[in-house]
Amino acid sequence: MLSLQKYSKESEIEKISNKLKEVLSQTPKEIIFLCVGSDRSTGDSLGPLVGTMIKGKNIPFPVYGTLEEPVHALNIKNVLKEIHKKYGEAFIFGIDASLGDEGQIGYIFIREGPFIPGNAVNKVLPSVGNYHMKAIVNYLDPFSPVQSLNSTRLYTVTILAEIITEIITRVAFDVREPIK
């Protein structure tokens with residue numbers, strides 16, 4: 001887990017980068033980065049912002065979910081069908097925003113297994129991914145989770161997106177050549 005505290009940021013980025021490298025190096029499957037969210041909500045824009053940034057770095061893996069073509073509640077099922085049709089049983093690495101406790105804002109964590117997009121705002125969507133990275137962009141107001149996402153500071157989301165992009169680009173070119 002990484003926090004935005006300056007004194008530990010670099011060592012935490014290195015820890016998460018090493019974990020990501022270990023995870024991605026172990027799969028023989030095509031690696032897909034699936035960045036989930038909407039550019040219509042500041043807090044939910046983390047995924048598409050990361051997708052745009054890592055695509056701009058020309059990482060050697062397919063990236064789904066950018067500011068231009070976001071992957072969100074209305075199209076995620078079709079995007080997953082497209083990924084499975086094109087790549088078969090790919091290794092999907094998901095990226096998404098998360099809400100948490102006020103003291104956790106700015107934390108980034110990497111977890112094994114799927115995540116459920118839209119869970120904080122009570123959306124019923126398919127669970128996604130073999131592994132995922134989430135960043136806590138704001139606190140969860142249990143009475144109005146949508147308002148928590150909409151009142152998120154763009155600065156926080158941008159800094160978190162830059163850090164996640166740094167983590168991914170540190171390892172993407174070292175992992176291996178993707179399967180064509």
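Predicted model: local features only at pLDDT ≥ 70, side-chain atom pairs only at ≥ 80, totals over all residues.
β1 runs parallel to β3, and the two are paired over 5 bridges; if you look for C35, you will find it opposite I95 in β3. β5 is also parallel to β3, to which it is joined by 8 bridges, and here A97 has A135 of β5 as its bridge partner.

Now select F33, L46, F93 and I168, which touch the most other members of the largest nonpolar core, a set of 38 residues. If you then colour α1 (6-25), β1 (31-35), α2 (46-56), β3 (91-100), β4 (108-112), β5 (131-139) and α5 (154-175), you will see the elements that each supply at least two residues of this core, with the largest share, 11 residues, coming from α5. Staying with F33 and setting aside its neighbours within four places in sequence, you can pick out its contacts, which are L24, I54, I59, F61, P62, V63, Y64, F93, I95 and I168. Apart from this core lies another one, made of 14 residues, and I32, V71, F115 and L125 are among them.

From there, move to I76, which is found in helix α3. Is I76 buried or exposed? With a relative accessible area of 1%, I76 is buried, since buried means under 20%. Leaving out residues up to four places away in sequence, I76 touches V36, V71, P117, L125, P126 and V128.

For the last stop, select K55, V63, Y64, G65, T66, E69, P70, V71, N75, V79 and E82, which line the second largest pocket. This pocket has a volume of about 160 Å³, and both β2 (63-64) and α3 (76-87) supply at least two residues of its lining. Colouring the lining by residue type will show 5 nonpolar, 3 polar and 3 charged residues.

Terms used:
Residues numbered from 1 in each chain as written. Heavy atoms only, no water. 1 Å grid on protein atoms, 1.4 Å probe; cavity = no way out; pocket = protein on both sides within 12 Å on 5 of 7 lines; lining within 4 Å. Points joined across faces, edges and corners; volume = space filled by probe spheres on them. Helix = DSSP H or I, 4+ residues; strand = E, 2+ residues; numbered from the N terminus. Nonpolar A, V, L, I, M, F, W, Y, C, P; charged D, E, K, R; others polar. Core = buried A, V, L, I, M, F, W, Y, C linked by side-chain atoms within 4.5 Å. Buried < 20%, exposed > 50% of the residue type's maximum accessible area, 1.4 Å probe, protein only. Contact = heavy atoms within 4.5 Å. Pairing = 2+ DSSP bridges.
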